[in-house]
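Here is a short walk through one chain. Keep the structure in view as you read.

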Amino acid sequence: MHDFQYKNNTLYCEDLPVATVAEAVGTPFYLYSAATLTRHFTAFDRAFASIPHLTCFAVKSCANIAILRLFANLGGGADIVSEGELFRARAAGIDPQKIVYSGVGKTAVEIRAALKAGILMLNVESEQELAVIQTEAAALGLKAPVSFRVNPDVDPRTHAYISTGLAKNKFGIPIGDALRVYLAAQKLPNITIKGVSCHIGSQLIQVSPFVESLVKLKSFIAQLAEQGIAITHLDLGGGLGIRYNDEEPPEPDEYARAIKMELADLDCTLILEPGRVLVGNAGVLITKVLYTKEGLKKFIIVDAGMNDLARPSLYNAFHLIQAVERQDQEQTVADVVGPICETGDFLARERLLPQVTAGDLLAVMSAGAYGFSMSSNYNSRPRVAEVLVHGDGFHLIRARETKESLIQGESIPEFLGKHGA
Ligand SMILES: Cc1ncc(COP(=O)(O)O)c(C=O)c1O
């Protein structure tokens, strides 16, 4: 499944002891395995090899340009949601014709940048956005390639915060309104309709909601065809889940088989926007035990907090936590907490863990997706380093931020005085 394995009770990433990296870069840090990333991309992409398709990695899940380049080298494109992600994708060398742009709140400036870059298509999420795209495309004297993100009102059966395909969610155009919007778009001089898109949610552990939305999209595409609107691209978004604890998500093969079966009679290029399934289990967060304390409960206080990995605090998400050096320690129930001044700052709660002492290293597993990319400077903590392992070597792909970087761009107006009190 992944390349974080024990050899003689020492955790390795591929052929490199994790402790060696910790010694070199300090803690906390994110650690990714190039072999796992490559295997995950290849397994996913090959599952669709029999049909015309494009795998556009969801940049938001893990945005480091080294990782984007790794996927680009394997033929991948990018699913972006901001001008910043467009910049990253281009910096990583991703072909603009392999970039799709989703998101409910694209600004005129962002739309212009995407049009200038010549991306494959913008996934439009509202009629007002369409009007802005028309204006921007006209100003640039070109035709904007668009797809509309249709909201199929399908329950993805996942955490409420990452459900996106229900009618009550903010995303997409309700499927009942979509035909009218396509017909309106068809009349716009600077719009080229390319596709239909949808993304119903993240961390889906069943195939059925994907199939359910595909069935709805197919019948919608047939309606479009009756109106003379031919679709060349069908974008099914991302969302395939991974195993964090005891989940049993479908393998990419099973997911692909179900989709290909439904797609059999559709003549268009399939676009996929996987994020988590490619990177989630390919990355871990390494943290060091600072202190332990015992009162009513036992706490293991580590040097990584909710600003470094938000998922446990934000979604009550489970991440397996393992000792980097495994011994025959006694097990104990403890909360693993960070240094942030919030009770919500935890990485695990009431978890059976090995007895640890100050200085021990812990690996927070399955942290590659929505880990670093959701991290922040809260409590004025510099964001941590990111390291990519390749065989028995490692590469610092993002340096730890400095104290100076924390105040970069800040200034003290003159009326507050030249020197402090
Ligand atoms: C439009 C879109 N595409 C793709 C993804 C990636 O989802 P996942 O990481 O679950 O594959 C997301 C995530 O929220 C998204 O919003």
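Start with helix 5. Its buried residues are covered by several elements, among them helix 4 (83-91), strand 7 (99-101), strand 8 (121-124), helix 6 (127-140) and strand 9 (144-151). Which residues of helix 5 are buried? Helix 5 spans residues 108-117, and its buried residues are Glu-110, Ile-111, Ala-114 and Leu-115. Viewed down the helix axis, the buried residues fall within an arc of 135°, so they line one face of helix 5. Just past the end of helix 5 comes Gly-118, with a positive phi of about 75°.

Now step back to the domains. The domain assignment gives domain 1 as 4-31 + 280-406, and domain 2 as 103-272. Their centres, taken over C-alpha atoms, are 36 Å apart. Where the two domains meet, 8 residues of domain 1 contact 5 residues of domain 2. The side of domain 1 that touches domain 2 has 4 nonpolar residues, 4 polar residues and no charged ones.

Last comes confidence. This is a predicted model. The chain averages a pLDDT of 95, and 100% of its residues score at least 70. Among the elements, strand 4 (residues 29-33) has the highest mean pLDDT, 99. Strand 10 (residues 173-174) has the lowest, 91.

Note on methods:
Residues numbered from 1 in each chain as written. Predicted model: local features only at pLDDT ≥ 70, side-chain atom pairs only at ≥ 80, totals over all residues. pLDDT = per-residue confidence, 0-100. Helix = DSSP H or I, 4+ residues; strand = E, 2+ residues; numbered from the N terminus. Buried ≥ 20, exposed ≤ 12 C-beta atoms within 10 Å, placed from the backbone. Arc of directions from axis to C-beta. Contact = placed C-beta atoms within 7 Å. Domains from an automatic or database assignment. Nonpolar A, V, L, I, M, F, W, Y, C, P; charged D, E, K, R; others polar.
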